[in-house]
Amino acid sequence: MPKNSKAVKRELDDDVTESVRDLLSNEDACDDSFKKTSLIVNNHEGEGKECDVEEGGSDGEEEERPAWNSKLQYILAQVGFSVGLGNVWRFPYLCQKNGGGAYLVPYLILLILIGIPLFFLELAVGQRIRRGSIGVWNYISPRLGGIGFASCVVCFFVALYYNVIISWSLFYFSQSFQQPLPWHECPLVKNKTTTYVVPECEKSSATTYYWYRQALDISDSISEGGGLNWKMTVCLLAAWSMVCLAMIKGIQSSGKVMYFSSLFPYVVLICFLVRSLLLKGSVDGIRHMFTPKLEIMLEAKVWREAATQVFFALGLGFGGVIAFSSYNKRDNNCHFDAVLVSFINFFTSVLATLVVFAVLGFKANIMNSKCVALNTNRIVTLLGNGIEQNLIPHHINLTQVSQVTAEDYQQMIEVIQRVKEDDFQKLGLESCSIENELDKAVQGTGLAFIAFTEAMTHFPASPFWSVMFFLMLVNLGLGSMFGTIEGILTPLIDTFKVRKEFLTVGCCVLAFSIGLLFVQRSGNYFVTMFDDYSATLPLLIVVILENVAIAWFYGIDKFFEDLKDMLGFTPYRFYYYMWKYITPILLLVLLCSSFIQLTMTPPSYSAWIQEEAIEKTLRFPPWGIVFCISLVVMAIMPVPVVFGLRYFNIIDENTSGLSTVSYKKGRIIKETVRPGEDDDTSLIQGKSPSEVPSPMPGNNIYRKQSGSGGTEADTAPNGRYGIGYLMAGMPDMPESDL
C-alpha cells in the first residue's frame, strides 16, 4: 500500500476468469506489513504482479511473465520460426514444378488472402490474452478449448521428426571437414586380385550412395527395422541437447540464440548466391526457374499447393506464433509485425530459390557436359558401323572429343535422328539437354543431401561451402524447432503451472526416446509418414477452428474493439471480411481438396532398393496404414474430447483443480465512513455487465487470505480497503479455465 495517506483509486473494467487454485496460491511480496491478508493486483494473463500503488503506480510493478529484451529479438524469433527448411527445399521445387515465375502470382495472392490475415489473428490473440494456445482458445470459447491441446499434439509430432532432419544435417556438417568430401566419388572394394567400384554406387551416384548407404544405411522397406543406426543416434542426441539447452530458460535463453540462428542463414544464402552466379551455367538455372508457364496457373492443383505452402511457411496453427507473441507488451503493433514477417518469409523463399537454381544450373551444365562427352565417344565407336561419316557436320572434329560442345552434339543428334529415324533407338544415343537436367529437380532431402551435395563437390574449396551449407540447415532447423517447442511448453506451463526447466528437460528426453524410431535403418520411411500425415489435415482443422472461434463464437465486432483498444487504431476493414467470410471459405476448400487428395492417393512411400540401386514407390503395409490414420486421429482428438466434456458439464466450475471463480473487477477507494452507513457499504462497487467494454482480460484485483481461502469480501488489516466479487453468470464470461 502507499506509504502516504492519499486516496487510491483505480477503475478496473474487464471480466476475468481465474482458477481457484490461482486465487489461493499467489504470494504478495509488495508490502511486508501484510502478513496474513494482502491486497493483490494481478493480471489475468500472468502479465505481472503489482502492489496497490497510487494512480499510474508503476513503482510497485513486478513483472512475472517473461518479456522480450527488444523488438528485434522478437521479430527474429518469429522470422526464425516461420523461415525453415521448407523455404530452402520445398518452395524452389514447387516453383519449378508449377510454372516457374508464374507460381509466384498465386502464392502472393494466397499470402494476402490467407497467410497475413491468419498470422495477424494469431499474433493478436496471443498478445492480447498473454497465454499459450491452450489458455487463449479456452478463454475465447471454452468448448473449443481442445484447439490448444490439438496444437500441442501436432507440435510434438512435428518436433519428433523435424529434429531428425537437423541430426542428418549435423552428421553431414561433421563429415564436411575433409578434402576431398567423402561423397565426392564412389568407394572402391579391393580383393586379392582386383579392385572395383561398389556396385550399388556405380548404378546410382556417389552422393546418392553416400546418403542412402553411408549416412542412413537404409533398409529396403519400412517393415525391415534393421536396428539403430548408431551414428544418427548420436547426432539425434546432440540435436535434442542443443534444443534443450537453448530452451531451458525460456525466451531469456532462446531469444539470445535467435540472433545467430535467424541471421546466419541469410549470410550463407547471400554468399552462396554470389558464389554460384560466378559459376558456369548458373544463369541457365535462374532463367529456367523464372521462365513463366502461364498455362499451368489455370490448374487447381497449383493453387492448392500454393495455399498449403503459404499455410505451413508461416507456421500457422502450431501455437508457436501465439506463444512468442504472448511475451509482447500489450500495445505492440502486431499488425505491422504480421505484414513484416510474412514478406520477410516470402523474400527469403525467393532468395533461396535463386540460390538453389543457380547451383542446380551449374550442376546441370556439368552433367550435360558429361552426357555430351559420353555420347560423342559412342558416336565415334559407331562410325562406319551404323553411322556414316557424312552424317557428321564438317566443322565438328571428332578426333578431339573434349572440344565438342553441347550445340555441336545437338546438331549431330538431329541429323542422325532424321536420317536414321527407324534405327535411332538401337544406337543408344541420348539427347543431352540442360533443360532436361533442370527438369529433374528434386525436393526435400533429395535436394539437400543429394543434388546440392553433388553440386558442391565441383565447387572450388568444396569443404568450406559444405560446412557453410549444412551449418545453415542446422540453424534454419533450430529456429523452427524453438518455435515448435515453445508451442508445446508455453501452453502447458501457463495451464499446469509447472517449472519451465523440468518441463523442458522432460519434453526433450521423451521426444528423444520416441525419436529413436526415426534413427533405425527404416527411420527415413517413418519421417516420410509423419511428414505426410501428422500435420497437414490436423493443422488445417485447427486453423479453421481458430478462425471460426474468433469470427463467430467470440464475435468479430468485439474482436475489432479489442484490437482498437490494444493497437490504438482500428484495423483495416479488409480483415473484417477476410476473417468472417473469405478466409474460412478458402480454408474449407483447401481442407476438402487435401482430404480428397489423401484418400485418392494410396498411402505410399519411396523406398531405396539396395540390389537395384533405385527408388521404388511402395505401399504401406496394413499396420502402416493404421499408423497413418492414428496420427491424424490422435492429433485432432482433443477438440471433440474437450467439447464433449464441456457440453455435458463433465468439466465445470465444481471440478476439483479445474474449477474457476469469475468475478467483476471494481474500484478501490479510500473509505470515508458516513453517518448511517456501515462498513459493508464502503466495499468496492462492481460494474454492471453493460458497462464492460470488452471481455478480454485486463488487470484484476483480488484478495489472498491465508486461512480458509473463502471468496467473500473482507476488510484489509488497516480496516480501510476491501474487495467485492460478483460471481459468474454474465453472458460473455468464459465457463472455466483449463
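Tutor: One term before we start: contact means heavy atoms within 4.5 Å. Also keep in mind that this is a predicted model.

Student: Fine. Which residues is Trp240 in contact with, leaving aside its neighbours within four places in sequence?
Tutor: Trp240 touches Ala159, Asn163, Met481, Ile485, Cys508, Ala511 and Phe512, with those neighbours left out.

Student: And which residues touch the most other members of the largest nonpolar core?
Tutor: Trp240 is one of them, together with Trp137 and Phe272. That core has 182 residues.

Student: Which helix gives the largest share of this core?
Tutor: Helix H7, residues 146-175. H7 supplies 18 residues.

Student: What lies apart from it?
Tutor: Another core, of 18 residues. Its members include Cys371, Val372, Leu391 and Ile392.

Student: Zoom out. How many helices and strands does the chain have?
Tutor: There are 26 helices and 12 strands.

Student: What percentage of the residues is buried?
Tutor: Of the 738 residues in the chain, 57% are buried.

Student: What about contacts with a separation of 6 or more: what share comes from residues 24 or more positions apart?
Tutor: Such pairs account for 80% of those contacts.

Student: Which residues form the nonpolar patch on the surface?
Tutor: Trp552, Phe553, Tyr577, Tyr581, Ile582, Ile585 and Val589. Together they have about 730 Å² of accessible area.

Student: Which elements give two or more residues to the patch?
Tutor: Helix H23 (536-567) and helix H24 (573-600). H24 gives the largest share, five residues.

Student: Take Tyr577. Where does it lie?
Tutor: Tyr577 sits in helix H24.

Student: Why does Tyr577 count as partly exposed?
Tutor: Because its relative accessibility is 42%. Partly exposed runs between the buried limit, under 20%, and the exposed one, over 50%.

Student: Last topic, confidence. What is the mean pLDDT of the chain?
Tutor: The mean is 79. As for individual residues, 79% reach 70 or more.

Student: Where is the pLDDT below 50?
Tutor: Residues 1-63 are one such stretch. In the model, that stretch has 188 contacts beyond near neighbours in sequence. Residues 653-738 also have pLDDT below 50. For them the model shows 230 contacts beyond near neighbours in sequence.

Methods: Residues numbered from 1 in each chain as written. Predicted model: local features only at pLDDT ≥ 70, side-chain atom pairs only at ≥ 80, totals over all residues. Heavy atoms only, no water. Helix = DSSP H or I, 4+ residues; strand = E, 2+ residues; numbered from the N terminus. Buried < 20%, exposed > 50% of the residue type's maximum accessible area, 1.4 Å probe, protein only. Core = buried A, V, L, I, M, F, W, Y, C linked by side-chain atoms within 4.5 Å. Patch = residues over 30% accessible without salt bridge, like charges linked within 9 Å, V, L, I, M, F, W, Y side chains within 5 Å. Areas by Shrake-Rupley, 256 points an atom, 1.4 Å probe, with all protein chains shown as cover. Salt bridge = Lys/Arg side-chain N within 4 Å of Asp/Glu carboxyl O. pLDDT = per-residue confidence, 0-100.
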